[in-house]
Amino acid sequence: MDHKLTVAVKEFAYTLGADLVGIAPVSRYENAPVKMSPQGILPGAKSVVVCAIHHPDAAIELDGEVHPQIMGPYSIQYIMNTKLDFLSFKIGRMLEDLGYPTVPIASSNIWRYRGYRDLEAVFAPDVSHIYGGVCAGLGELGWNGLCITPEYGARNRFVSIITEAELEPTPMYSGKKLCDMCGECIRKCPTDAYRKEVNGTKDVVIENKHHVFANKNLWRCAWGEHFDLDLDLPIPDQVDEQVLLDHVKQHGIRHGEFGVCLKVCLPKHLRQPDPDYCKISVRRKRHTIPSDLPVHSAVYDTVLSIAGKNTLDHVHFISQKTLEEQGIPMKEHLPDGVGAILLTDHIKLPCQADEAKAFRETHIMEWNTMSRTVRVNLTIAELDICRELEKIGYSALPKTYLKHDALQKLCHETTENNAILYSALILTSAPLEDRHVLDVSHSDARGNLKERLTRAAKEAGADLVGFASAFAIDEIAEQLREIRKEETIVFATDK
Ligand code: SF4
């Protein structure tokens, strides 16, 4: 067992933004089907590093209150998967660079919906990150089949990194039972999946410990969650793949679903009922900071640092006084909110203002790449700032339903000429002062431009960096034009 390496891996994972990190020896997966086991993926595997990041509490508690298919703040989950993929890849590279063959697994967004050869499991990921959380000592399975942790309940997303490094295992969770059969997941499930079509129980045995939970019909679960069918439609008594496909054909889709089993599930010691704040779930008990204390100056610096790392342009901290003067109804969206942070970024198109529309239409690939990059950076910054604020005791709500226009105007942020504005807005219980910090990722670094670009690319994770002149690219383009002249590029959109 390599103690020093274990500490280094954990430290690296926390630096990258993991909220929980555990190590499982592969022996804890002995009951997993071979195709979904660490050795089935990497025959020489010895350990699995499992990392979790947790959903911002305000997003879980305040969203989905009107309908599970009306989703705003909870949609931050999509970037959580991107962040987990990034964590997995970076930790995998770290271990591989040290000489240990490693397979970083992507977060589970893709499943084999049907069984495959001798694998009977449906909705099967490459390896279960949820069971991985238990194997790595981070928690226990609840009646809903989710990994409940003593810190965040079911409000986690996990990712696994399989490696030949022999790391020190985290002891299995042995505290108080985390699922006390409170029944909230059973009562509040919109498809009634814990009462209808339940085929007994499942028993997952990890190091002789039995985790028994409802053996739901996952196709029923998938009605709203995977197939996006309207939860207000009558759901047949029996749901299978064909029923789902027929209903999609007949009714079309509505929207993805907020996982209510995740929303309502907290272990007893974390439950704090507050019906004035949220009705469907209780609040998570956590350390909080009294809002009459001024915000520590390090908090402003942390926010600016996260924004700078994600190459954003400007950060605007907005006080409660200013929000009230502007008539911005923040408390309708975050009841304990007393401050807001507006993050902005711009894409400057390489053309004149009156040519911007034509540029976007004729350079659709470049435009899509540029706008996706800016949106990913903004949303990762939004998530990380919320996580940092929450960690020190403030509420923080990402992806609020509150429109950005009034705040953009207040902060003099507009789409002007050929610079297109993107923004993210966080509401918080931190009593912020008004501060407007511009050009947070601007650098005055001098010296050789190639060297600076190479350094920036390597810091972002590139292994090799090369440069080509526009003239050389033009020459290649000319040759490719001839080779590919018969090809047609088709963009297909599912309407
Ligand atoms: S909601 Fe209650 S019954 Fe359901 S898994 Fe969580 S603790 Fe268990």
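Asn 81 counts as buried because its relative accessibility is 5%, where buried means under 20% relative accessible area, exposed over 50% and partly exposed in between, with a 1.4 Å probe and protein chains only. The model is a predicted one, in which local features need pLDDT of at least 70 and side-chain atom pairs count only at pLDDT 80 or more, while totals for chains, interfaces and linings use all residues. Residues are numbered from 1 along each chain as its sequence is written, and side-chain values use heavy atoms, with hydrogens and water left out.

Asn 81 sits in helix 4; helices (H or I, at least four residues) and strands (E, at least two) are DSSP runs numbered from the N terminus. Apart from neighbours within four places in sequence, Asn 81 is in contact (heavy atoms within 4.5 Å) with Ser 107, Asn 109 and Arg 157. Ala 106 lies 25 residues from Asn 81 in sequence, and their C-alpha atoms are 8.4 Å apart in space.

On the scale of the whole protein, the division is into domain 1 (3-272) and domain 2 (311-437), with bounds that come from an automatic or database domain assignment. The C-alpha centres of domain 1 and domain 2 are 30 Å apart. Contacts join 21 residues of domain 1 to 19 residues of domain 2.

Both domains also take part in the second largest pocket, whose lining draws at least three residues from each of domain 1 and domain 2. A pocket here is an open set of points on a 1 Å grid over the protein atoms alone, where a 1.4 Å probe fits, with protein on both sides within 12 Å along at least five of seven lines; lining residues have an atom within 4 Å of a point. The volume of the second largest pocket is about 1,500 Å³, taken as the space filled by probe spheres set on the points, which are joined across faces, edges and corners. Its lining has 37 residues, and Gly 308, Lys 309, Asn 310, Glu 459 and Ala 460 lie nearest the centre. Two or more lining residues come from each of helix 1 (3-16), helix 4 (77-97), helix 10 (297-309), helix 14 (364-391) and helix 16 (449-459). Helix 14 gives the most, with nine residues. By class, the lining has 14 nonpolar, eleven polar and twelve charged residues, with Ala, Val, Leu, Ile, Met, Phe, Trp, Tyr, Cys and Pro counted as nonpolar, Asp, Glu, Lys and Arg as charged, and the others, Gly among them, as polar.

Two loop residues complete the picture. Most residues other than glycine have a negative phi. Met 181, in the loop between strand 6 (156-163) and helix 6 (184-188), has a positive phi near 55°. Thr 311, in the loop between helix 10 and strand 11, has a positive phi of about 55°. Met 181 counts as partly exposed because its relative accessibility is 45%, and Thr 311 counts as partly exposed at 44%.
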